[in-house]
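Thanks for coming, everyone. Have the sequence and the model open while I talk.

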Amino acid sequence: MQTLIRYFLPACFILLFGSCTVQDHLPPSESSPCRISLRLSSLNYHAIQPGETVTLGAQVEGWNFTPFIVRDIQEINGISYAIGWKDETYRIGAEESNTSYEYDAQGRVIKTVNRLKRPTADITNEYTYTSPTRIDLKYTPNYFHYPVPPSYNDSYTLNSQGMVIDRNVTYDAEGYVIRRGPSRYTIENGNLVRADEGGNITLYEYDLTRPNPVPDPVTFFGKSDRNLRTDMHVIIPGVQMEFDLYYIYDNARRLKYQIQRYSYADDPRIRLQINGYEWTCPQ
């Protein structure tokens with residue numbers, strides 16, 4: 001069971017059985033016209049030990065024993081961590097990826113590029129808003145096997161809420177997903193509070209006085225949570241984990257890092273899941 005959970009956790013960013021602490025370095029701005037341009041997944045990190053000197057631009061060994069360049073230093077739960085990545089193209093420290101976003105003049109996402117490390121690939125989606133009820137898609141998976149990668153065309157039909165019509169998906173009256181295939185989702189106050197997926201039950205709690213700072217530019221597959229998530233529990237028999245959740249903002253009050261801090265019941269070492277965000281703003 002432990003092997004299963006250790007695979008499942010990084011892939012789904014889920015942390016089990018524990019209370020959550022929210023750490024904020026500046027609260028988010030609710031009226032910012034800026035939009036996310038890059039989401040950096042699974043950034044590498046290094047816990048700076050007492051007496052150790054680490055500077056920006058230095059090379060250190062990350063949590064996965066691979067070297068990376070220090071791009072930032074942040075304090076998390078009283079411990080200083082060097083954060084960064086090795087490769088400027090992919091900017092990742094683990095097995096995840098990054099995703100870049102482009103927008104039209106109306107602020108709608110028109111292109112996403114998901115850069116994968118293993119297997120190495122660039123997955124591009126280009127969206128054309130043909131009418132209020134139709135979005136055309138150009139899908140280009142580039143595994144670097146051919147000089148010019150193949151592209152495929154598709155289209156989405158939207159319902160009156162602006163969501164993609166899919167017989168395997170059910171939305172509630174506000175546009176939140178309540179069913180996707182065999183999985184079921186419970187929404188309260190515009191937030192996902194329970195997910196029943198493949199026999200696993202995930203429970204979520206929120207601060208209803210604060211907005212959700214985590215951006216989701218692709219809005220037509222179901223609404224995102226309305227508020228800031230503060231707690232998360234996954235119910236799987238025989239498994240116990242504790243976690244803390246942190247949000248760190250930049251000086252312009254935009255989300256800079258979303259951090260999940262956790263450990264396994266049979267291994268007290270603290271682990272982090274760090275996702276970074278970069279933004280673009282209208283000139």
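A definition to begin. A polar contact is a pair of N or O atoms within 3.5 Å; within protein, one must be able to donate a hydrogen and the other to accept it, and residues adjacent in sequence count only if both atoms are side-chain atoms.

Now the ground rules. This is a predicted model: local features need pLDDT of at least 70, side-chain atom pairs count only at pLDDT 80 or more, and totals for chains, interfaces and linings use all residues. Numbering runs from 1 along each chain as its sequence is written, and side-chain values use heavy atoms, with hydrogens and water left out.

Start at Glu52. Its side chain makes a polar contact with the side chain of His46, at 2.9 Å. Glu52 sits in the loop between β3 and β4. Strands here are DSSP runs of E, at least two residues, numbered from the N terminus. Glu52 is partly exposed, with a relative accessible area of 32%. The cut-offs: buried is under 20% relative accessible area, exposed is over 50%, partly exposed is in between, with a 1.4 Å probe and protein chains only. Leaving out residues up to four places away in sequence, Glu52 touches His46 and Ala47. Contact means heavy atoms within 4.5 Å.

Next, the sheet. 4 strands form an open sheet, in the order β3-β6-β5-β4, with antiparallel pairing. Two strands pair if DSSP finds at least two bridges between them. What is left at the edges? β3 (44-47) and β4 (59-61) stand there with a single partner strand each, so one side of each has no neighbour in the sheet. Neighbouring strands are turned by 50° against each other on average, direction ignored. That angle lies between N-to-C directions, on a scale from 0 to 180 degrees, with axes as lines fitted to C-alpha atoms.

Look at β6, residues 79-85. 4 bridges join this strand to β3, antiparallel. Tyr45 stands opposite Ile83, and Asn44 stands opposite Gly84. On to β5, residues 67-76. This strand pairs with β6 over 7 bridges, again antiparallel. Ile69 has Trp85 as its bridge partner in β6. The β5-β6 hairpin has 2 residues between the strands, and Asn77 takes a positive phi near 55°. Why is β6 called largely enclosed by the rest of the structure? Because 5 of its 7 residues are buried.

How many disulfides does a search of the whole structure find? There is 1. The criterion is a pair of cysteine sulfur atoms within 2.5 Å. Cys34 and Cys281 form the link, with sulfurs 2.0 Å apart. The link is right-handed, with 105° about the S-S bond. Cys34 lies in the loop between β1 (24-25) and β2 (35-40), and Cys281 in the segment after β20 (267-280), so the pair ties together parts 247 residues apart in sequence. Cys34 is buried at 14% relative accessible area. Cys281 is partly exposed at 30%.

Last, the cores. A nonpolar core is a set of buried Ala, Val, Leu, Ile, Met, Phe, Trp, Tyr and Cys residues joined through side-chain atoms within 4.5 Å. The largest has 32 residues; Val109, Tyr127, Tyr156 and Phe220 have the most contacts inside it. β18 supplies the largest share of this core, 4 residues. A second, separate core of 14 residues includes Leu38, Leu43, Trp85 and Ile248.
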